[in-house]
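Please look over the points below with the structure open. They are meant to be read in order.

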Amino acid sequence: MRNNYANTAQLKELMTAPPMTAARHAEVMRERNARRRMIEEAREAKKADDPVFDGDKR
């Protein structure tokens, strides 16, 4: 679960910061989607009993 109080920036700093550019937003979204895809693929592989996940089973 995320900690909502981790950002210690002052409100004035947050409100006067320049907005994110479209290019930066696209980059952030691509990175977020790539991470989500990797997690989903790992979950599917684990559910499918992929041998990669059998290393620690005793």
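1. The side chains of Arg36 and Glu40 form a salt bridge, with 3.6 Å from N to O. Note that this is a predicted model. The pair falls within the cut-off, because a salt bridge requires a side-chain nitrogen of Lys or Arg within 4 Å of a carboxyl oxygen of Asp or Glu.

2. Where do Arg36 and Glu40 sit relative to each other in helix α2? They are four residues apart, so about one helical turn separates them.

3. Arg36 has 44% relative accessibility and therefore counts as partly exposed. Glu40, with a relative accessible area of 35%, is partly exposed.

4. How many salt bridges does a search of the whole structure find? The search gives two. Besides the pair in point 1, the side chains of Arg24 and Glu27 meet in a salt bridge, at 3.3 Å from N to O.

5. Helix α2 covers residues 22-47 and holds both Arg24 and Glu27. These two are three residues apart, about one turn of the helix. Arg24 is partly exposed, with a relative accessible area of 39%, and Glu27 is partly exposed at 35% relative accessibility.

6. A separate item is the nonpolar surface patch of about 360 Å², made by Leu11, Leu14 and Met15. Leu11 belongs to helix α1, which spans residues 11-16.

7. Is Leu11 buried or exposed? Its relative accessibility is 61%, so Leu11 counts as exposed. The cut-off used here is that exposed means over 50% relative accessible area.

Technical notes. Residues numbered from 1 in each chain as written. Predicted model: local features only at pLDDT ≥ 70, side-chain atom pairs only at ≥ 80, totals over all residues. Heavy atoms only, no water. Patch = residues over 30% accessible without salt bridge, like charges linked within 9 Å, V, L, I, M, F, W, Y side chains within 5 Å. Areas by Shrake-Rupley, 256 points an atom, 1.4 Å probe, with all protein chains shown as cover. Buried < 20%, exposed > 50% of the residue type's maximum accessible area, 1.4 Å probe, protein only.
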